[in-house]
Amino acid sequence: VVVPRDVEIYDFCPVQHPADDPDSDIITTHFEYHSIDANLLKLDELGHDDPTMIKMLEEMTGVVATEIPLDDPGVMSLFTSNEALKYTDDTPDPILGNLGCLAVPEFGTKFVRGMVYDTKPKSFDDLLCISGLSHGTDVWLGNAADLVAQGVPLSQCICCRDDIMNYLIGKGLDPLMSFKIMEAVRKGKVAKGGFEPGWEEAMREHEVPDWYIDSCRKIKYMFPKAHAVAYVMMAYRIAWFKVHIPLAFYAAYFSIRAKGFDASCMIKGDAVAVAKYQELRWKESDKTISNAEKDTMTTLEVCHEFYKRGFVLEPMDVNESHATKFLITEKGLIPPFTSMPGIGEQAALGIVSERENGRFLSSEELSIRCPKVSSAVIELLGQIGALGDMPKSTQVSLF
């Protein structure tokens, strides 16, 4: 939030401790932003996982992402089948379904995969439509979804805000009126208060169909097409690695996007991962599942797909594993230390930093050289095989 030099942000927006915990170390604002947004300038600076993931993929493979074609047939097939993934087991999978876009940004959630299944995209433009629909409010459910089910082509539905203005101009409406209608619809003003006088009459005069006008009435927010283009271009390039250099894709996904990766069960093979997934699915149906468990459930789906493609998660190794990133091997991946619950980033970085001074010869030596690594963490590393056949002590008996 930008304020003039001669004042402080606190002059506009006091800060306080959370109301329900006055002794907390957290400082929060006293007012929500919209109480002062007419007076101050706000700049949104958002973190985004996709560019970070693309950078990691480029570094691992040497492939320049911007040179990846946006019409690759293998990538496009992910949105209608999973054949490009070449599962080692050809039987239909109840968890993964028959699409291949799991873990692809923009298209990997259950909700959007349902949209992909219903719309059967065949072109990059279709993917833009889906991205616009998935980011809007009251644009898909109860609106475009019903139209697609009735046979209206996806390309004719209102998917992004730009579609409205371009469509109306194409129908012969005055460009300025077309722009104003678009702005009113995408901000939800039409849904709240109806069309301005003369707008609906002008649309009917130019043979805009009733279903299109009704669709405009339902929309509360619309995504700009430029955003959809940027997001889908990144998603498509990441998906290219999923088809053509899969281990790099999974290494980047598990390192950057996967929340709730739990090496205690996920490195033990597909059967254990599926059993854990089913356990969480029961909790989901009983509505007793936590948000952290939902994240784990999503990651377990990707882990299951990883195994179905014939790859393996190899044992963690105290002398080889990275602190935070998955490493590629000939047959699969080695998980980082932080993928194990109970091992924090500082402890993991401490292990990696100290081993540059020489390999660890015993768990006792590990404890001495890495004081930030607790005995509980060392015991945990031993349980999952990360210590290998390392003895407890470096001392050798004289006898």
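## Contacts of D163

The side chains of D163 and K225 are joined by a polar contact of 3.1 Å; a polar contact is a pair of N or O atoms within 3.5 Å, where within protein one must be able to donate a hydrogen and the other to accept it, and residues adjacent in sequence count only if both atoms are side-chain atoms. The side chain of D163 also reaches the backbone nitrogen of C160, at 2.8 Å. This is a predicted model, in which local features need pLDDT of at least 70 and side-chain atom pairs count only at pLDDT 80 or more, while totals for chains, interfaces and linings use all residues. Residues are numbered from 1 along each chain as its sequence is written, and side-chain values use heavy atoms, with hydrogens and water left out.

D163 lies in helix α7 (residues 161-170); helices are DSSP runs of H or I with at least four residues, numbered from the N terminus. Its relative accessibility is 13%, so D163 counts as buried (under 20% relative accessible area, with a 1.4 Å probe and protein chains only). Neighbours within four places in sequence aside, D163 is in contact (heavy atoms within 4.5 Å) with C157, I158, Y212 and K225.

## Helix α5

Helix α5 covers residues 124-135, and its 12 residues reach 17 Å from the first C-alpha to the last. That is close to the 16 Å expected at 1.5 Å a residue, the expected span being 1.5 Å times one less than the number of residues.

Of the 12 residues of α5, 10 are buried, so the helix is largely enclosed by the rest of the structure. Among the buried ones are F124, D126, C129 and S134. The buried residues of α5 pack against α3, α4, α6 (140-149) and α12 (225-244).

## Aromatic rings

The whole structure holds 18 aromatic pairs; rings of Phe, Tyr and Trp (its six-membered ring) pair if their centres lie within 6.5 Å, and planes under 30 degrees apart count as stacked, over 60 as edge-to-face and the rest as tilted. F79 and F107 form an edge-to-face pair, 5.1 Å centre to centre with 75° between the planes. Both F79 and F107 sit in the loop between α3 (73-77) and α4 (110-119), 28 residues apart, and both are buried. The centres of the F223 and Y231 rings are 5.8 Å apart and their planes are at 50°, so this pair is tilted. F223 and Y231 are buried as well.

Ring pairs also link F249, Y250, Y253, F254, F261, F306, Y307, F311 and F326 into a cluster.

Conventions:
Helix = DSSP H or I, 4+ residues; strand = E, 2+ residues; numbered from the N terminus. Buried < 20%, exposed > 50% of the residue type's maximum accessible area, 1.4 Å probe, protein only.
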